[in-house]
Amino acid sequence: MSYTLFGTNVSPFVRKCRVYMAEKGLAYTHEPVNPFQPPPNFRQMSPLGKIPALLDGERAIFDSTAICIYLERCNPAQPLFPSDHYDYAHALCLEEYIDSGLMPVAGPLVFRPLVLGPVAMQQPLTKEIKEAALEVVENQVAPMWDYLERQLGSNEYFVGNKLSIADIAVASGHVNLWHGGVDPDPLHWPKLAAFLTRLWARPSFVTLLAEEQKPWNRRAAVAAV
Ligand SMILES: N[C@@H](CCC(=O)N[C@@H](CS)C(=O)NCC(=O)O)C(=O)O
C-alpha cells in the first residue's frame with residue numbers, strides 16, 4: 001500500500017485526514033493541492049474538484065469522510081471508529097455536524113474574511129469586515145458551540161469515552177477559527193474549550209499546527225484591527 005493525500009494543509013477536511021492518519025500511524029505522501037489552482041487531471045481523482053483526495057496506489061477516493069472510513073476498513077488496528085453500532089453512527093453524526101454545519105459557516109464567513117482574504121486574496125482586514133465576522137460567530141457559531149458543549153458533557157471524548165473520528169473532526173474544524181483568533185470562551189464553553197486544548201496538544205495536531213503557523217496564524221493581526 002502506498003498512500004498519497006492531496007490538499008493544502010489549511011483545509012479542515014485535509015487536516016482531519018492527516019490527523020487521522022497520524023493517529024493511526026499510517027505513512028503517506030502529502031501533495032498540497034490548492035483546489036482553486038488544481039493540477040491537470042485533478043478532477044479524475046476528485047470529480048467535484050474538492051480537497052482532500054486520496055490515492056491508494058492507483059485507486060482514488062475523494063471526500064474526507066469516505067477517505068477515513070476507507071482507511072479504517074483497510075487498517076482496522078487501533079480503531080478510530082467505534083465498534084458499537086450506535087456509537088459508530090453517533091460519531092459520523094458529529095463529524096457531519098462539523099463538515100456540513102460548522103464548516104460552511106466558519107469557512108466562508110469567518111476564516112475567509114479574517115485569514116484567507118488577507119493572506120491569499122489581497123483583501124486586507126478592516127474593522128467593518130472583522131465586526132461582520134464576529135457577528136457571524138455570535139449568531140451562528142455560538143449556538144453550535146452550545147450543542148457541542150452539551151454533546152461533550154463531562155466526558156473527555158465525544159463518543160464512547162475514547163478518541164474517535166468525532167473528536168478529530170471537531171478539533172480539526174476549529175483550527176481554522178483559531179487561526180483567526182476565534183475561540184470558544186472558556187467561561188461560556190469550558191468543556192469544549194478544554195477539549196480543544198487537549199486535542200491540539202496531541203502529537204498528531206502539534207506537528208500540523210506548527211506547519212500551519214506561517215502564514216495562517218493571524219491571531220495577532222486580527223487582534224490589532
Ligand atoms: N465534503 C468534503 C468537503 C471538501 C471541501 O469542501 N473542501 C474545500 C476546501 S476546505 C474545497 O476543496 N473547496 C473547493 C471548491 O469548493 O471548489 C470533504 O469532506 O472532503
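Predicted model: local features only at pLDDT ≥ 70, side-chain atom pairs only at ≥ 80, totals over all residues.
**Entry 1. The ligand site**

I began with the surroundings of the ligand. The residues around it are S11, P12, F13, P35, F36, K50, I51, P52, D63 and S64.

An oxygen atom of the ligand lies 2.5 Å from an N or O atom in the side chain of S64. A nitrogen atom of the ligand is 2.9 Å from an N or O atom in the D63 side chain.

I51 is joined to P52 by a cis peptide bond, with omega about 5°. I located P52 in the loop between helix 2 (42–45) and strand 3 (53–56).

For D63 I recorded a phi near 85°, which is a positive value in a residue other than glycine. D63 is placed in the loop between strand 4 (59–62) and helix 3 (64–74).

I found another cis peptide bond between K214 and P215, again with omega about 5°. P215 is found in helix 8 (residues 203–216).

**Entry 2. Helix 4 and helix 6**

How are helix 4 and helix 6 oriented to each other? I noted that the axes of helix 4 (residues 85–120) and helix 6 (residues 165–179) come within 9 Å and cross at roughly 10°. Helix 4 is therefore roughly parallel to helix 6, since angles under 35 degrees count as such.

Among the contact residues of helix 4 I listed L94, I98, L102 and F111, and among those of helix 6 A169, V170 and L177. The residues of this contact divide into 14 nonpolar, four polar and one charged.

**Entry 3. Helix 5 and helix 7**

I examined one further pair. The axes of helix 5 (residues 127–152) and helix 7 (residues 190–200) come within 8 Å, crossing at roughly 80°. The two helices are therefore roughly perpendicular to each other.

Helix 5 makes the contact through W145, L148, E149 and L152, and helix 7 through P190, K191, L192 and F195. I recorded six nonpolar, no polar and two charged residues in the contact of helix 5 with helix 7.

Technical notes:
Residues numbered from 1 in each chain as written. Heavy atoms only, no water. Axes fitted to C-alpha atoms, helices over the stretch in contact; angles between N-to-C directions. Helix = DSSP H or I, 4+ residues; strand = E, 2+ residues; numbered from the N terminus. Parallel < 35°, antiparallel > 145°, perpendicular 65-115°, else oblique. Contact = heavy atoms within 4.5 Å. Nonpolar A, V, L, I, M, F, W, Y, C, P; charged D, E, K, R; others polar. Near = heavy atom within 4 Å. Polar contact = N/O pair within 3.5 Å; in protein donor to acceptor, adjacent residues only side chain to side chain.
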